[in-house]
Amino acid sequence: MEIKVMKKILEHTEKAAEELKMNLKEKGVLYINLMSSPGSGKTTIIERTVRELPEYKIAVIEGDIQTTLDAERMAALGVKTYQINTGPFGGDCHLEAPWIATAIHEMGIEDTDILFVENIGNLVCPAEFDVGAHYNVVVLSVTEGEDKPLKYPLAFKVSQVTIISKTDLLPHLDISLEKLEENIKNVNPEMKIFPLSSKTGEGFEKWLEFLQQSRKFL
Ligand SMILES: Nc1nc2c(ncn2[C@@H]2O[C@H](COP(=O)(O)OP(=O)(O)O)[C@@H](O)[C@H]2O)c(=O)[nH]1
Ligand SMILES: [Mg+2]
């Protein structure tokens, strides 16, 4: 009996993910799910992307356990935004497709070109739940060390893109970018990797080009 209930919930979540993927594609909305540990630079990447792509209508769903701080950063840019807080209902460390579907329904997605979901900050739980994104993007900052793709492989296995963020800090660190990229490729040989800095804009154009091409050929 218990097993039946669990299966039902999982089926519901998987169905919602599939529907989101399909519906947003039909509507011409590129759907990107950003995952990373807290502080890797997800919100800052979205902020710079919004500024650099003024011709695109961008919507953002923010996932956090508490606070509307990230949604406030988005609202300050005039971006359509919606905050999901999991704190009031158990403090989940990930977002699920049905909640995103509800957020989309409530905020409205008409005339949107790109939807970013900023998942809850950690490299473990979000990777376990398919939210139906067209691309899962894992963000890893250079301060986190070369070994993280090996220690948290699932996030890298379920993602198609890795952003290596904060490259402006490289001169202050001992990390080897080469070794980091090698570790990522060992976990996922197909991974597209974009090293960039949201602060200086170095490497950012390749990420923007990826978004533009993905939106065009959705
Ligand atoms: N030096 C540097 N700092 C950055 C960069 N991107 C983000 N940060 C800083 O890293 C901290 C966390 O960034 P945030 O975008 O809030 O991370 P999030 O928790 O993943 O959304 C903030 O203090 C940012 O200013 C970057 O490219 N270079
Ligand atoms: Mg954030």
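This is a tour of one predicted model, stop by stop, with what to select at each.

**Before selecting anything**

Residues are numbered from 1 along each chain as its sequence is written, while chains are lettered from A and ligands numbered from 1 in the order in which they are written. Because the model is predicted, local features need pLDDT of at least 70 and side-chain atom pairs count only at pLDDT 80 or more, whereas totals for chains, interfaces and linings use all residues.

**Whole chain**

Show the chain as a cartoon. Its secondary structure comes to nine helices and seven strands; these are DSSP runs numbered from the N terminus, helices being H or I with at least four residues and strands E with at least two. The radius of gyration is 17 Å, close to the 17 Å of the globule rule for 218 residues, so the chain is as compact as a globular protein of that length. That radius is taken over C-alpha atoms, and the rule is 2.2 Å times the number of residues to the power 0.38. Along the principal axes, the C-alpha trace spans about 55 × 45 × 35 Å.

Colour by pLDDT, the predictor's confidence in each residue from 0 to 100. The chain averages 96, and 99% of the residues score at least 70. Among the elements, helix 1 has the lowest mean (89) and strand 6 (residues 161-165) the highest (99). Where pLDDT is low, the predicted coordinates should not be read in detail.

Two further totals describe the packing. Of the 218 residues, 39% count as buried. A residue is buried if 20 or more other C-beta atoms lie within 10 Å of its own, exposed if 12 or fewer, and partly exposed in between, with C-beta atoms placed from the backbone. Residues 24 or more positions apart account for 75% of the contacts with a separation of 6 or more; a contact is a pair whose C-beta atoms, placed from the backbone, lie within 7 Å.

**Ligand 1**

Select ligand 1 and its surroundings. Which residues are closest to ligand 1? They are Gly41, Lys42, Thr43, Thr44 and Lys199, in a shell of 16 residues. To be near the ligand, a residue must have its C-beta atom, placed from the backbone, within 6 Å of it. Helix 2 (residues 42-52) gives the most to this shell, with three residues. By class, the shell has two nonpolar, 10 polar and four charged residues. Here Ala, Val, Leu, Ile, Met, Phe, Trp, Tyr, Cys and Pro count as nonpolar, Asp, Glu, Lys and Arg as charged, and the others, Gly among them, as polar.

**The nonpolar core**

Next, select Ile100, Phe116 and Val117. These have the most contacts inside the largest nonpolar core, which has 53 residues. Such a core is a set of buried Ala, Val, Leu, Ile, Met, Phe, Trp, Tyr and Cys residues joined through C-beta atoms within 7 Å.

Ile100 is found in helix 4 (residues 97-107) and counts as buried because it has 26 C-beta neighbours inside 10 Å. Beyond four places in sequence, Ile100 is in contact with Leu20, Ile61, Leu95, Val117 and Val131. A C-alpha distance to draw is Ile100 to Ala16: 9.0 Å, for 84 residues apart in sequence. Phe116, with the neighbours within four places set aside, is in contact with Ile32, Leu34, Ile46, Ile58 and Val60.

**Glu62**

Move to strand 2, where Glu62 lies. Is Glu62 buried or exposed? Glu62 is buried, because 27 other C-beta atoms lie within 10 Å. Outside four places in sequence, its contacts are Asp70, Ala71, Met74, Thr81, Gln83, Ile84 and Glu118.

**Two positive phi angles**

Most residues other than glycine have a negative phi. Select Thr67, in the loop between strand 2 (58-64) and helix 3 (69-75): its phi is positive, about 75 degrees, although it is not a glycine. Thr67 is exposed, with 12 other C-beta atoms within 10 Å. Lys166, in the loop between strand 6 and helix 8 (177-187), is not a glycine either and has a positive phi of about 65 degrees. Lys166 counts as buried, with 24 C-beta neighbours inside 10 Å.

**Last stops**

Glu11 lies in helix 1 (residues 2-27) and is exposed, with 10 other C-beta atoms within 10 Å. The C-alpha atoms of Glu11 and Leu177 are separated by 40 Å. Finish at Pro153 in helix 7 (residues 153-157), which counts as partly exposed with 17 C-beta neighbours inside 10 Å.

Conventions: Two residues are in contact if their C-beta atoms, placed from the backbone, lie within 7 Å.
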